[in-house]
Amino acid sequence: MTRKPTKKPRHPKVKAKAKAAADLPGRDEIMAFVAANPGMAGKREIARHFGITGGARIYLKKVLREMAEDGLIEKRQKRLIRAGDLPPVLVVTVVGRDADGELLAEPGNWNEDEQGAPPKILLLPERHKAPGRATGLGDRALVRITGDAPGAEAKHAARIIKPLERQAASVLGILRIGGGRTFLEPIDRRQRELDIDTSDLKEASDGDLVAVSLTGRSGRYGTSRARITRRIGAMHSEMAISEIALHTHGIPHSFPTSVIEAAEKAVPATRAGRDDWRDLPLITIDPQDAKDHDDAVHAAPDPDPANPGGHIVTVAIADVAYYVRPGEPLDREAHLRGNSVYFPDRVIPMLPEQLSNGLCSLKEGEDRPAMAVRMVFDAKGNKKSHRFHRITMRSAVKLSYSEAQAAIDGKPVEAVSEAVLDTILKPLWAAYDSLCKARKAREPLDLDLPERKIRLKDDGTVDDVYTPERLEAHRLIEEFMIQANVAAAETLEKASVPLLYRVHDASSPEKLEALKEFLSTIGIRLSAPGGLRPAMFNAILHKVQDRPDAELVNQVVLRSQAQAEYAPENIGHFGLNLRRYAHFTSPIRRYADLIVHRGLIRALKLGDDGLPDGMEGKLEAIGADVSATERRAMLAERDTVDRLIALWLADQVGARFTGRISGVVKSGLFVRLDDSGADGFVPASTIGDDYYHYDESSHSMSGRTTGETFSLGDRVEVRLVEAAPYAGSLRFELLSEGHYHKRKSGGERSHSGRRKHKPRSGTAGRDRKSKGRRR
C-alpha cells in the first residue's frame, strides 16, 4: 500500500499574504471608488475605504500600478482618476456655445497628440456674477467639475470658480540661429527668449516668423524651451504682420473640418417659397477689390399720384440664413468669429469662402437668394412705408464706388452703358438726393475722419500709404443701408420678436468734461442747452472745418463718444440720432445681422429657418460676444496697419517729417505724421534741456524755466529716431520750437531755431531734474 505524500504546512506569513491578497478589492470596485471620488482618491484613501492594512498595502500598490499600465487610471498630483477623466478643478478656455447658447470650454493644458481631441465642458450659469465683464468666448477660467453634462455636445459640466486673464496658446516670435544657439525672440517684448528644440525646425530659417509651444526648461533655473509648431514666413511681408495680429488677439483663422465639409455640401437655394425678382435691375456697388457682395440696391420714382416726387428704394441682402442654420457647425463657427477681419491683402472671413465668396455672394448675372426690403419715401426723404420679402434675384451690374461715381459725374466708364446710367444710376441718385434732406433734418453726428489705406506691392511689402477720397457713392450706399437697418428694427419691434439692436449711448459726463477742457484751449465753448444732441457736436465741427486743426478736433470729438455695441435692450443710436436701429445689411461678415435675418424670417413666417424659440434669454450673451469680437477685429486691423507703416518707415530712420501733436501725456508727446498718418512718440526726456511739466487741463507740456510749450494740435517737425515694426511703434525727436507763455534769461537761440540752454554743472542740476520728474 502506497502512502500519499503529506503537504508541507505553509508558514504563517505566507498564509497572511494569501489572505491579504484574497481580501483585496477587485479592479471594478477600485474603479467605482475612483469614479465616485474624482481627484480625491489616492492609495491611502483607497486603503482606508476598503480596510486594507499591513502587508496587504504592497499588493494594493501592485494592483494600482498594473491598472495604470493598462490605461485604466491616471495619477494627477498624487491622486488617481479614471483615464480620460478631468481633475475636479482645472483651467479651461471658452471655445463656443451650444445650441442653447450656453458656454462650451476645453481644458487649457491639453496635448492632442497624446490625449486625442479635447473634451467639451459645459459651463453652467454663474450663480453670483462678479462685477465686471461676464465670461465670454476666448476667455480663460478656473472651474470645478460638477459631473456629466446633459446632452451630447459636452462630456462634463462645470461651474466657474474664478475668471482668469487671457493667455495665448502658443508664442509667436523671430527665429534666431547663430553663436551656437537657436532661440526665439518673442514678438511680445515682455516675454523672455526661448531655447528652440532643433530636432524639427519646420523648414524655418534665421529671421523667420514662427509659432512655438512651450515644452519645459533647460536646467532647474534655465531658459524656457519650446518647439516650433508652424513656420509663418519672412518678417517683411504683410502676411507675417497680420499673422502677429491674429495671434496677439486670439482670432481664429482656420476653419474646422466639420465647418469646411458643411460648406462644401451646401447647394444653391431653390426658388420655392420666394418671390421672383430676377427682372428687377438690382446692382451691387462695392470697393474695387471686394469679393463678397452682400447688398444690392435699386430705386425708381413712386408712380403713386398721392406721393408726388417720392421714390421706391429696394435694398436686397444675401440670404445667409438659408445656408447657416441655428446650432449647426457653420452657425457655431460664425458665432465664435463674430465678424470678418479685414487686412490690407486678405480677409479672415466669418464664413468659409464657398459661402462668403460663392453661394451667398450676389454675383453679377447669377441667381441668388436674398432678403429684400422695399421702402417708399416722400419727396423730403421721409419713409412712408416698407415691406420685407424673401426673393430670388439676379444682379444686373457689378460696379465699384469709383466707377459709379465717375459715371454719374459724366465720365466714360466701360462697365456703365447709357441704359444703365439712365435707368439705374440716375434714379438711385435722385432717391438719394431726397433722403439727404431727411438726413440733414435729423442731424446725425457728422465726423470727417480720413481713413488710412495701405497699397501693397506684389511681394506683400508696403508700396504706399494713402487716404482714399470719400465719394458721394459711398454716402449713397451708406444712407440706403441705414434706412434698411431702421426698417428691420421697426418690423421686429412691431412683431414682438426678440432682436439685437445696434445701440450707441450718449457721451459720459467724464468724457464730456475732458472734451470741454480741450475745446477751451482752442477758444471753443461747449454747452448743451436742452440736453445732449449730435447737432451740438456738429456745430463744433462746423466751426473748425476750415481750420488747420480740423482733423484733430474731429479725432477728439470721436474719442469723447461712447462705443457702439449690440444689445437686446434698446437705448437708441446717439450718433445716427435714431430711436431704433439694427444691423441687417451684412450677414456674410457680421453675426449680429444673421440674428436679425432669422428674426425677420420668424416674424414674417418666411420659412422654417428663422430665429428659434427661447432666444430671449440668450441674446444678451450673444450681443456681448459679437461686441467683443468686433472690438477684437478693430484692434487687430489697427495693429496691422501700425506695424506695416513702422516696417515701411524702418529704412527712413534719420529722415524729417511734418505732423501734428495728437496726444499729450506725462511721459511725452504723440505725433501724427501728415503724409502717412503714422503715430509716433516723443519722450519728454528728449525735449530740450528744460524740465517739461504736463498740464492735463490744457493738454500741454511746458518748460519750467523757459515757458516753452507744446500743446495738443500744434504743428511740429520731427526726426525719425527708431522704428520697431514688430511692436508697431515709432520714436521721434522733436525739431520744432514750441510757443512761449513766458521767457526767462539763460540761453541763446541755436541755428536750428530751438532754444539752446546753458548746460547744468555738477549733480545738483541732475538731481533737481530727476526729482521733478518723479513728482
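## Strands and cysteines in a predicted model

In this predicted model, Gly659 has Leu673 in E27 as its bridge partner. The two strands concerned are E26, which covers residues 656-665, and E27, which covers residues 668-673, and a hairpin of two residues joins E26 to E27. Strand E27 also pairs with E28, residues 679-683, where Gly668 stands opposite Pro683 in E28. The hairpin of E27 and E28 has five residues between the strands, and within this hairpin Gly677 takes a positive phi near 75°.

Elsewhere in the chain, five strands close into a barrel in the order E3-E4-E5-E7-E6, with mixed pairing. From one strand to the next, the twist averages 50°. Within the pair formed by E6 (residues 140-148) and E7 (residues 156-164), Val143 stands opposite Ile160 in E7.

| Strand pair | Sense | Bridges |
|---|---|---|
| E26 and E27 | antiparallel | six bridges |
| E27 and E28 | antiparallel | five bridges |
| E6 and E7 | antiparallel | eight bridges |

Turning to the cysteines, how many disulfides does the structure hold? The structure holds zero disulfides. Cys360 counts as buried because its relative accessibility is 1%, which is under the 20% cut-off for buried residues. Cys436, in contrast, has a relative accessible area of 25% and is therefore partly exposed, since this class lies between the 20% and 50% limits.

Conventions: Residues are numbered from 1 along each chain as its sequence is written. This is a predicted model: local features need pLDDT of at least 70, side-chain atom pairs count only at pLDDT 80 or more; totals for chains, interfaces and linings use all residues. Side-chain values use heavy atoms; hydrogens and water are left out. A disulfide is a pair of cysteine sulfur atoms within 2.5 Å. Buried means under 20% relative accessible area, exposed over 50%, partly exposed in between (1.4 Å probe, protein chains only). Two strands pair if DSSP finds at least two bridges between them. Helices (H or I, at least four residues) and strands (E, at least two) are DSSP runs, numbered from the N terminus. Axes are lines fitted to C-alpha atoms, for helices over the stretch in contact, and angles run from 0 to 180 degrees between N-to-C directions.
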